[in-house]
Amino acid sequence: MKRRASITLALLGVTLAGAVFLWPTPPAGGILKPGDPDVTAEGARVYASYCSSCHGADLEGQPGWMEPGPDGRMPAPPHDDTGHTWHHSDALLIAITKFGTARAAGLSGYESDMPAFETDLTDEQIIAVLSYIKATWPDEIRKRHDALNTAIPLN
């Protein structure tokens, strides 16, 4: 009886170890596709047409982006690794791009020059733009952004 329990426990241990070893690793957190060259190429095209006039051709943002301008509105931030774009989850970045800052963040009375692109861009184009932006970040920043997405539920 004791020998049978030992064999059963040993088999259970081997089975669990095999299951852990063979279990697929979940993909990195997030919706964006910075590793997909077709998506990022489309994103670069859309960014050039819709975003670069404010956020800069090289994602550098507007000067003084951390302080309100004379009109009280915040200048367009950079989307490179010097800005705060990577501090936000994919879901929030998509919402800001689609609905504008105030609506996405639930800020009543907040005025921004960031337009809502929900009628101008498809969800796929928004994901492509944000994927392009993320593809320009250094690996360490991309990993931190992936970790953020893993920590924050998408819904």
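User: Why is E118 called partly exposed?

Analyst: In this predicted model, E118 has a relative accessible area of 36%. Buried would require under 20% and exposed over 50%, so E118 falls in between and is partly exposed.

User: What makes the contact of E118 with R103 a salt bridge?

Analyst: The closest N and O atoms of E118 and R103 are 2.9 Å apart. The criterion is a side-chain nitrogen of Lys or Arg within 4 Å of a carboxyl oxygen of Asp or Glu, so the pair qualifies as a salt bridge. E118 lies in the loop between α5 and α6 and R103 in helix α5, so the bridge ties together parts that are 15 residues apart in sequence.

User: Why is R103 called exposed?

Analyst: The relative accessibility of R103 is 53%. Exposed means over 50%, and R103 therefore counts as exposed.

User: What makes D123 and K98 a salt bridge, and which helices hold them?

Analyst: Their side chains meet at 2.8 Å, N to O. With the limit set at 4 Å, the pair is therefore a salt bridge. D123 lies in helix α6 and K98 in helix α4, so this bridge ties together parts that are 25 residues apart in sequence. D123 has a relative accessible area of 36%, which makes it partly exposed.

User: Why are E42 and R45 said to be separated by about one helical turn?

Analyst: E42 and R45 are three residues apart in helix α2, hence the separation of about one helical turn. An α-helix has 3.6 residues a turn, so residues three or four places apart point the same way. The closest N and O atoms of E42 and R45 are 3.0 Å apart, in a salt bridge. E42 itself counts as partly exposed, at 26% relative accessibility.

User: How many salt bridges does the whole structure contain, and which residues are linked in a network?

Analyst: A search of the whole structure finds six salt bridges. The network links R73, E111 and D113.

User: Is K134 buried or exposed, and how do you know?

Analyst: K134 has a relative accessibility of 2%. The cut-off for buried is under 20%, so K134 counts as buried. K134 lies in helix α6. Leaving out residues up to four places away in sequence, K134 touches L32, P34, R142, H145, D146 and N149.

User: Which residues of α4 are buried, and what covers them?

Analyst: The buried residues of α4 are D90, L93, I94, A95, I96 and T97. Their cover includes α5, α6 and α7. L92 also lies in helix α4, but at 28% relative accessibility L92 counts as partly exposed.

User: What makes the phi of L59 worth noting, and is L59 buried or exposed?

Analyst: Phi of L59 is near 65 degrees, a positive value in a residue other than glycine. L59 is found in the loop between α3 and α4. Its relative accessible area is 5%, so L59 is buried.

User: Where is confidence lowest and where is it highest?

Analyst: In the protein chain, helix α1 has the lowest confidence, at a mean of 40, and α2 the highest, at 98. Over residues 3-28 pLDDT stays under 50, and the model has one contact beyond four places in sequence for them. Where pLDDT is low, the predicted coordinates should not be read in detail. The chain as a whole averages a pLDDT of 83, and 79% of the residues score at least 70.

Terms used:
Residues are numbered from 1 along each chain as its sequence is written. This is a predicted model: local features need pLDDT of at least 70, side-chain atom pairs count only at pLDDT 80 or more; totals for chains, interfaces and linings use all residues. Side-chain values use heavy atoms; hydrogens and water are left out. Buried means under 20% relative accessible area, exposed over 50%, partly exposed in between (1.4 Å probe, protein chains only). Helices (H or I, at least four residues) and strands (E, at least two) are DSSP runs, numbered from the N terminus. Contact means heavy atoms within 4.5 Å. pLDDT is the predictor's confidence in each residue, from 0 to 100.
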